[in-house]
Amino acid sequence: MAKAVYLEHYLDSIEGLPFELQRNFTLMSELDNRTEEQKAEIDQLAADYVANVKNLASEQRVQHLEKIENAYTKCREYSDDKVQLAMQIYELVDKHIRRLDADLARFENDLKDKLDSSSQESSDEKRLKKDKSVRDKKATRNQKDSDPDSPGRKKLKNSPNVTDSLLAMHPSDVLDMPVDPNEPTYCLCSQVSYGEMIGCDNLDCPIEWFHFACVGLATKPKGKWYCPCCVKEMRKK
(Lines give C-alpha, C1' and ligand atoms only; values in the text may rest on other atoms or scores of the structure.)
Protein backbone atom coordinates (compact mmCIF):
# COMPACT_ATOMS: atom_id res chain seq x y z
CA MET A 1 0.00 0.00 0.00
CA ALA A 2 2.81 2.44 0.94
CA LYS A 3 4.65 1.59 -2.27
CA ALA A 4 1.56 2.46 -4.33
CA VAL A 5 1.20 5.81 -2.52
CA TYR A 6 4.83 6.79 -3.13
CA LEU A 7 4.59 5.77 -6.79
CA GLU A 8 1.33 7.66 -7.31
CA HIS A 9 2.73 10.86 -5.79
CA TYR A 10 5.91 10.63 -7.85
CA LEU A 11 4.02 10.03 -11.11
CA ASP A 12 1.84 13.07 -10.34
CA SER A 13 4.95 15.20 -9.80
CA ILE A 14 6.52 14.28 -13.17
CA GLU A 15 3.31 14.51 -15.16
CA GLY A 16 4.28 17.92 -16.59
CA LEU A 17 7.98 17.13 -17.00
CA PRO A 18 7.82 15.98 -20.67
CA PHE A 19 6.01 19.18 -21.73
CA GLU A 20 8.54 21.41 -19.93
CA LEU A 21 11.45 19.55 -21.51
CA GLN A 22 9.85 19.74 -24.96
CA ARG A 23 9.31 23.50 -24.59
CA ASN A 24 12.94 24.12 -23.59
CA PHE A 25 14.30 21.93 -26.37
CA THR A 26 12.11 23.78 -28.88
CA LEU A 27 13.48 27.13 -27.68
CA MET A 28 17.04 25.82 -27.96
CA SER A 29 16.34 24.71 -31.54
CA GLU A 30 15.01 28.17 -32.40
CA LEU A 31 18.11 29.77 -30.89
CA ASP A 32 20.26 27.47 -33.02
CA ASN A 33 18.47 28.64 -36.15
CA ARG A 34 18.88 32.29 -35.21
CA THR A 35 22.57 31.75 -34.49
CA GLU A 36 23.08 30.15 -37.90
CA GLU A 37 21.33 33.10 -39.55
CA GLN A 38 23.58 35.54 -37.70
CA LYS A 39 26.67 33.58 -38.68
CA ALA A 40 25.61 33.73 -42.34
CA GLU A 41 25.04 37.49 -42.00
CA ILE A 42 28.47 37.93 -40.40
CA ASP A 43 30.10 36.01 -43.24
CA GLN A 44 28.33 38.23 -45.78
CA LEU A 45 29.24 41.44 -43.94
CA ALA A 46 32.83 40.32 -43.65
CA ALA A 47 33.02 39.46 -47.35
CA ASP A 48 31.51 42.83 -48.32
CA TYR A 49 33.94 44.66 -46.05
CA VAL A 50 36.96 42.88 -47.49
CA ALA A 51 35.79 43.48 -51.05
CA ASN A 52 35.01 47.20 -50.60
CA VAL A 53 37.33 48.28 -47.82
CA LYS A 54 39.58 50.22 -50.21
CA ASN A 55 36.66 52.23 -51.53
CA LEU A 56 35.11 52.98 -48.14
CA ALA A 57 35.69 56.14 -46.20
CA SER A 58 36.86 55.95 -42.64
CA GLU A 59 33.39 56.62 -41.26
CA GLN A 60 31.87 53.93 -43.52
CA ARG A 61 34.49 51.43 -42.40
CA VAL A 62 33.62 52.08 -38.77
CA GLN A 63 29.89 51.62 -39.47
CA HIS A 64 30.55 48.38 -41.32
CA LEU A 65 32.69 46.99 -38.50
CA GLU A 66 30.01 47.96 -35.98
CA LYS A 67 27.47 45.92 -37.95
CA ILE A 68 29.78 42.90 -37.80
CA GLU A 69 30.35 43.45 -34.06
CA ASN A 70 26.59 43.71 -33.39
CA ALA A 71 26.02 40.45 -35.28
CA TYR A 72 28.67 38.72 -33.12
CA THR A 73 27.05 40.16 -29.99
CA LYS A 74 23.69 38.67 -30.99
CA CYS A 75 25.33 35.28 -31.60
CA ARG A 76 26.88 35.42 -28.12
CA GLU A 77 23.51 36.33 -26.57
CA TYR A 78 21.85 33.42 -28.34
CA SER A 79 24.59 31.11 -27.05
CA ASP A 80 24.15 32.40 -23.49
CA ASP A 81 20.39 31.82 -23.73
CA LYS A 82 21.04 28.25 -24.90
CA VAL A 83 23.33 27.65 -21.90
CA GLN A 84 20.66 28.97 -19.54
CA LEU A 85 18.04 26.68 -21.06
CA ALA A 86 20.40 23.71 -20.78
CA MET A 87 20.99 24.50 -17.08
CA GLN A 88 17.23 24.75 -16.50
CA ILE A 89 16.73 21.34 -18.11
CA TYR A 90 19.50 19.82 -15.97
CA GLU A 91 18.14 21.31 -12.73
CA LEU A 92 14.60 20.23 -13.63
CA VAL A 93 15.60 16.61 -14.20
CA ASP A 94 17.97 16.60 -11.21
CA LYS A 95 15.16 17.84 -8.94
CA HIS A 96 12.97 14.88 -9.86
CA ILE A 97 15.88 12.46 -9.45
CA ARG A 98 16.57 13.79 -5.94
CA ARG A 99 12.89 13.47 -5.05
CA LEU A 100 12.87 9.88 -6.33
CA ASP A 101 15.93 9.07 -4.18
CA ALA A 102 14.28 10.65 -1.13
CA ASP A 103 11.02 8.74 -1.70
CA LEU A 104 12.94 5.47 -2.09
CA ALA A 105 14.82 6.12 1.17
CA ARG A 106 11.56 6.88 3.04
CA PHE A 107 9.92 3.79 1.57
CA GLU A 108 12.85 1.59 2.66
CA ASN A 109 12.71 3.05 6.19
CA ASP A 110 8.94 2.51 6.41
CA LEU A 111 9.35 -1.07 5.19
CA LYS A 112 12.13 -1.71 7.73
CA ASP A 113 10.05 -0.27 10.59
CA LYS A 114 7.10 -2.42 9.55
CA LEU A 115 9.27 -5.57 9.48
CA ASP A 116 10.80 -4.73 12.88
CA SER A 117 7.33 -4.15 14.34
CA SER A 118 6.07 -7.46 12.95
CA SER A 119 9.11 -9.26 14.36
CA GLN A 120 8.58 -7.68 17.80
CA GLU A 121 4.89 -8.62 17.77
CA SER A 122 5.76 -12.20 16.81
CA SER A 123 8.31 -12.39 19.65
CA ASP A 124 5.77 -11.03 22.15
CA GLU A 125 3.15 -13.53 20.97
CA LYS A 126 5.58 -16.43 21.43
CA ARG A 127 6.40 -15.30 24.95
CA LEU A 128 2.74 -14.90 25.85
CA LYS A 129 2.00 -18.39 24.52
CA LYS A 130 4.88 -19.79 26.56
CA ASP A 131 3.70 -18.05 29.73
CA LYS A 132 0.15 -19.27 29.12
CA SER A 133 1.42 -22.82 28.61
CA VAL A 134 3.27 -22.69 31.94
CA ARG A 135 0.24 -21.27 33.75
CA ASP A 136 -2.07 -23.87 32.19
CA LYS A 137 0.23 -26.72 33.22
CA LYS A 138 0.56 -25.43 36.76
CA ALA A 139 -3.22 -24.96 36.98
CA THR A 140 -3.73 -28.52 35.69
CA ARG A 141 -1.30 -29.91 38.28
CA ASN A 142 -2.92 -27.88 41.07
CA GLN A 143 -6.37 -29.11 40.01
CA LYS A 144 -5.20 -32.72 40.03
CA ASP A 145 -3.53 -32.28 43.40
CA SER A 146 -6.66 -30.69 44.89
CA ASP A 147 -8.98 -33.43 43.61
CA PRO A 148 -9.62 -35.78 46.59
CA ASP A 149 -10.59 -38.66 44.29
CA SER A 150 -7.55 -38.45 42.05
CA PRO A 151 -5.12 -41.39 42.10
CA GLY A 152 -2.35 -39.19 43.42
CA ARG A 153 -4.43 -37.97 46.35
CA LYS A 154 -5.59 -41.48 47.21
CA LYS A 155 -2.01 -42.66 47.18
CA LEU A 156 -0.95 -39.82 49.44
CA LYS A 157 -3.73 -40.65 51.87
CA ASN A 158 -2.68 -44.28 52.03
CA SER A 159 1.04 -43.49 52.21
CA PRO A 160 1.86 -40.92 54.92
CA ASN A 161 5.58 -41.04 54.16
CA VAL A 162 5.20 -40.02 50.50
CA THR A 163 5.01 -36.29 51.31
CA ASP A 164 8.28 -36.41 53.20
CA SER A 165 9.97 -38.24 50.35
CA LEU A 166 8.77 -35.68 47.77
CA LEU A 167 9.97 -32.75 49.85
CA ALA A 168 13.31 -34.43 50.34
CA MET A 169 13.72 -35.05 46.60
CA HIS A 170 16.77 -33.24 45.19
CA PRO A 171 16.61 -31.62 41.73
CA SER A 172 19.27 -34.04 40.51
CA ASP A 173 16.85 -36.91 41.20
CA VAL A 174 14.46 -35.46 38.64
CA LEU A 175 17.01 -35.97 35.85
CA ASP A 176 16.29 -39.71 36.02
CA MET A 177 12.54 -39.25 35.66
CA PRO A 178 10.96 -39.96 32.22
CA VAL A 179 10.37 -36.63 30.39
CA ASP A 180 8.17 -35.81 27.44
CA PRO A 181 10.60 -34.52 24.74
CA ASN A 182 8.00 -31.95 23.62
CA GLU A 183 7.54 -30.45 27.09
CA PRO A 184 9.30 -27.08 27.56
CA THR A 185 12.21 -26.80 30.01
CA TYR A 186 12.93 -24.08 32.57
CA CYS A 187 15.28 -23.06 35.38
CA LEU A 188 19.08 -23.13 35.60
CA CYS A 189 18.95 -26.92 35.39
CA SER A 190 17.13 -26.84 32.03
CA GLN A 191 14.54 -29.35 33.26
CA VAL A 192 10.76 -29.54 32.99
CA SER A 193 8.37 -27.92 35.43
CA TYR A 194 7.95 -29.79 38.74
CA GLY A 195 7.30 -28.95 42.38
CA GLU A 196 7.13 -25.32 43.46
CA MET A 197 8.46 -22.77 40.99
CA ILE A 198 9.01 -19.01 41.07
CA GLY A 199 9.00 -16.52 38.19
CA CYS A 200 11.68 -13.86 37.71
CA ASP A 201 10.25 -10.31 37.80
CA ASN A 202 12.60 -9.16 35.02
CA LEU A 203 10.41 -9.01 31.91
CA ASP A 204 13.46 -9.66 29.70
CA CYS A 205 14.62 -12.73 31.65
CA PRO A 206 15.52 -15.47 29.13
CA ILE A 207 14.60 -18.31 31.54
CA GLU A 208 11.61 -16.81 33.45
CA TRP A 209 10.74 -19.78 35.74
CA PHE A 210 12.90 -21.52 38.37
CA HIS A 211 12.61 -24.43 40.81
CA PHE A 212 12.73 -23.41 44.45
CA ALA A 213 15.56 -25.84 45.23
CA CYS A 214 17.72 -24.72 42.27
CA VAL A 215 17.77 -21.09 43.46
CA GLY A 216 18.00 -21.93 47.18
CA LEU A 217 14.44 -21.01 48.17
CA ALA A 218 12.29 -22.81 50.72
CA THR A 219 9.35 -20.41 50.64
CA LYS A 220 8.12 -17.76 48.23
CA PRO A 221 9.85 -14.43 49.01
CA LYS A 222 7.87 -11.24 49.57
CA GLY A 223 7.97 -8.49 46.96
CA LYS A 224 9.83 -8.74 43.66
CA TRP A 225 12.32 -11.53 43.09
CA TYR A 226 15.08 -11.68 40.47
CA CYS A 227 16.99 -14.77 39.40
CA PRO A 228 20.79 -15.05 39.87
CA CYS A 229 21.44 -14.41 36.14
CA CYS A 230 19.45 -11.16 36.10
CA VAL A 231 20.99 -10.01 39.39
CA LYS A 232 24.44 -10.54 37.90
CA GLU A 233 23.52 -8.52 34.78
CA MET A 234 22.07 -5.70 36.90
CA ARG A 235 25.31 -5.45 38.90
CA LYS A 236 27.32 -5.12 35.67
CA LYS A 237 25.23 -2.07 34.66
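Student: Is serine 190 buried, exposed or in between?
Tutor: Serine 190 is partly exposed, because its relative accessible area is 48%. Buried means under 20% relative accessible area, exposed over 50%, partly exposed in between, with a 1.4 Å probe and protein chains only.

Student: Where is serine 190 in the fold?
Tutor: Serine 190 is in the loop between helix H6 (171-174) and S1. Helices (H or I, at least four residues) and strands (E, at least two) are DSSP runs, numbered from the N terminus. Its phi is positive, about 55°, although serine 190 is not a glycine.

Student: What should I know about the model itself?
Tutor: This is a predicted model: local features need pLDDT of at least 70, side-chain atom pairs count only at pLDDT 80 or more, and totals for chains, interfaces and linings use all residues. Residues are numbered from 1 along each chain as its sequence is written, and side-chain values use heavy atoms, with hydrogens and water left out.

Student: What is the mean pLDDT of the protein chain?
Tutor: The mean is 77, and 72% of the residues reach 70 or more. pLDDT is the predictor's confidence in each residue, from 0 to 100.

Student: What does isoleucine 198 touch, sequence neighbours aside?
Tutor: Beyond four places in sequence, isoleucine 198 is in contact with Glu208, Trp209, Phe210, Phe212, Val215, Leu217, Pro221 and Trp225.

Student: And glycine 199?
Tutor: Glycine 199 is in strand S1. Leaving aside neighbours within four places, it contacts Glu208, Trp209 and Trp225.

Student: Which residues of the largest nonpolar core touch the most other members?
Tutor: Ile198, Cys200, Cys205, Phe210, Trp225 and Cys227, out of 13 residues in that core. Strand S1 (197-199) and S2 each supply at least two residues of this core. Apart from it lies another core, of 8 residues, among them Leu17, Leu31, Tyr78 and Leu92. A nonpolar core is a set of buried Ala, Val, Leu, Ile, Met, Phe, Trp, Tyr and Cys residues joined through side-chain atoms within 4.5 Å.

Student: How many aromatic pairs are there?
Tutor: The whole structure has 1 aromatic pair. Phenylalanine 210 and tryptophan 225 form it, edge-to-face, at 5.7 Å centre to centre and 70° between the planes. Phenylalanine 210 is in strand S2 (residues 209-211), and tryptophan 225 is in the loop between S2 and helix H7 (228-236), 15 residues apart. Rings of Phe, Tyr and Trp (its six-membered ring) pair if their centres lie within 6.5 Å; planes under 30 degrees apart count as stacked, over 60 as edge-to-face and the rest as tilted.

Student: Why do both count as buried?
Tutor: Phenylalanine 210 counts as buried because its relative accessibility is 0%. Tryptophan 225 is buried because its relative accessible area is 13%.

Student: How many disulfides turn up?
Tutor: The search finds 0 disulfides. A disulfide is a pair of cysteine sulfur atoms within 2.5 Å.

Student: Switching to H2. Where does glutamine 38 sit, and what does it contact?
Tutor: Glutamine 38 is in helix H2 (residues 17-52). It is buried, because its relative accessible area is 11%. Beyond four places in sequence, glutamine 38 contacts Ala71, Lys74, Cys75 and Tyr78.

Methods: Contact = heavy atoms within 4.5 Å.
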